[in-house]
There are 2 protein chains.
Amino acid sequence: MGQQSKPAAESGTRESERRRTILRAAIDVFARKGYHGCRIADVAKEAGVAYGLVYHYFKNKDELLETVFDTGWSGFVTRVRAVVEGEGPLAEKVRGIVEVAFEAYRVDPRAVKVLILEIARSPAGSRINRQTAFVDAIRLSSALFNAAQERGELRTGLDPHLASALLFGNIEMALTAFVVGLADARDPDALERAKSQIADSFLYGVLTGAQAAEVSEWKPEKSATKSKAPKRS
Amino acid sequence: MGQQSKPAAESGTRESERRRTILRAAIDVFARKGYHGCRIADVAKEAGVAYGLVYHYFKNKDELLETVFDTGWSGFVTRVRAVVEGEGPLAEKVRGIVEVAFEAYRVDPRAVKVLILEIARSPAGSRINRQTAFVDAIRLSSALFNAAQERGELRTGLDPHLASALLFGNIEMALTAFVVGLADARDPDALERAKSQIADSFLYGVLTGAQAAEVSEWKPEKSATKSKAPKRS
DNA sequence: CCGCTGGTTGACTGGCGAATCACCCGCCGG
DNA sequence: CCGGCGGGTGATTCGCCAGTCAACCAGCGG
């Protein structure tokens, strides 16, 4: 643990090492026992710090969850935005979004678990509705489908918003399957298959016949844009 | 449990009027403030009964939620099973399942809200994992897709389990949109559109080209099977 | 060497709410 | 008329846990 005497300046972010440790511990504990099912004491123990220190860095338990959310979600949204605003055909972008979500899961499954289980469906209560965030993401990719519709690539009568919602619905359901253990997350093949099946069936479901035909021809060419900035959190 | 004295026959269910009142109140309060965000006192007040009576009928708060779940979910599963085991082509059945879900929402939106928000994604903790129930439903309709796959109606390489999960994922996402107010639930047209778009895009997404072609020809002929047993709860 | 500052500690407390319990009341059977 | 019983009541109890706080320590500047 204690590597003190850090040369102040250090790695980009201003937040102290300790703060990050606590955040990390919070994610792990939330993932294991759920937000309501754990005490601050658990988080402190997991992080290997004193009880009171948690309150030094976070106003209260709620803010802790809030922060976990902001951190994880903003990373996700940023990546999605990059995909949406990038170049390439719709199908490619859809695959890109799916890729982003699954990659996030691969890199930090517990963080994803918390996002899905604790936040996406958090009951009405909590202060500034986090549902807004979810909606934002949906709206973000709506733009994609709006444009596609104007180009006549979407099947007629399909609401772009709904299309966008369905995409995230599919992704969420698939990830949920892994999160709750329905599917075996340790099998990298299962991840890969789920990924492509989701993208495919979504595209088939949403595109016009002509466009869909092209989907069939698509094959994973170990794509260029695979880069992957080191996922934070 | 002493069920004597009462003119035995009476209204089907054995449970007392009071018990049902409390259950109903619980659904309403859970929907409004969330399971964790409400006190037993709230439920009692809503039901117009004494605090202690809640504990007369239910062992504890958890059992109350559990019961709300069992009641609502078993009704849903029963209806889905009826559809799955009925006659007719796959497409028809898929539409049937979607119909069941939306009808449940139309009849008792608050109950659906509780199921979706409080239970589907309940954190690891709670006793006998209710996730099992969710999985059961998915498995149930998997049979459908299994059969379809053998008949060659499913696109190749598509896992029947996944197809089933996607169907429920789509339904859930759509209902969530209404539950959280993203879509206007008071507009019966919105419900209707969402319903058909979900079914359509799912079918297009999952079926082989040949089968999908038939989907296009489908038109709502104010179907026979619309009957609708009076939804319980 | 002194004292300040800011990160760090963990015992303590105050409130909240789940669960209990002693009591009530109307009914029925003897 | 009595006594027992089951549905019904709500004040009281009791444990838990979020959040506080006084004290502690390490470094540092003077």
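1. Thr176(B) is buried, with a relative accessible area of 9%; buried means under 20% relative accessible area, exposed over 50%, and partly exposed in between, with a 1.4 Å probe and protein chains only. This residue is found in helix α8 (residues 160-179) of chain B. A polar atom of the Thr176(B) side chain lies 2.7 Å from the backbone oxygen of Glu172(B).

2. On the basis of the note: this is a predicted model, in which local features need pLDDT of at least 70 and side-chain atom pairs count only at pLDDT 80 or more, while totals for chains, interfaces and linings use all residues. Residues are numbered from 1 along each chain as its sequence is written, chains are lettered from A and ligands numbered from 1 in the order in which they are written, and side-chain values use heavy atoms, with hydrogens and water left out.

3. Chain A has 10 helices and zero strands. Helices (H or I, at least four residues) and strands (E, at least two) are DSSP runs, numbered from the N terminus. Of the 233 residues of chain A, 50% count as buried. Among its contacts between residues at least 6 apart in sequence, 67% join residues at least 24 apart, where contact means heavy atoms within 4.5 Å.

4. How far apart are the end C-alpha atoms of helix α1 of chain A? They are 24 Å apart, which agrees with the 24 Å that its 17 residues (residues 17-33) should span at 1.5 Å a residue. The expected span is 1.5 Å times one less than the number of residues. Buried residues in α1(A) include Ile22(A), Leu23(A), Asp28(A) and Phe30(A). Gly34(A) follows α1(A) and has a positive phi, near 80°.

5. Glu153(A) lies in the loop between α7 (131-150) and α8 (160-179) of chain A. Is Glu153(A) buried or exposed? Glu153(A) is buried, with a relative accessible area of 12%. Its side chain and that of Arg151(A) are joined by a polar contact of 2.6 Å. A polar contact is a pair of N or O atoms within 3.5 Å; within protein, one must be able to donate a hydrogen and the other to accept it, and residues adjacent in sequence count only if both atoms are side-chain atoms. Leaving aside neighbours within four places in sequence, Glu153(A) is in contact with residues including Leu90(A), Val206(A) and Gln211(A).

6. Two copies of a chain are related by a rotation about an axis and a shift along it. Here a rotation of 179° with 0.0 Å of shift along its axis superposes chain B on chain A (RMSD 0.1 Å). The two copies are thus related as by a two-fold rotation axis. In chain B, the C-alpha nearest the axis belongs to Gly205(B), 1.7 Å from it. The superposition is by least squares on the C-alpha atoms of residues with pLDDT of at least 70 in both copies. Of the interface residues of chain B, 97% are also interface residues in chain A, so the copies meet through the same surface.

7. Of the 15 residues around DNA strand C, those that come nearest are Ala50(A), Tyr57(A), Ile40(B), Tyr51(B) and Tyr55(B). Sugar and phosphate account for 67% of the atoms of DNA strand C that come within 4 Å of the protein. A residue is near a strand if one of its heavy atoms lies within 4 Å of it.

8. A backbone N or O atom of Gly52(A) lies 3.1 Å from a base nitrogen of DNA strand C. A phosphate oxygen of DNA strand C is 3.1 Å from a backbone N or O atom of Lys61(B). α3(A) gives the most to the surface near DNA strand C, with five residues.
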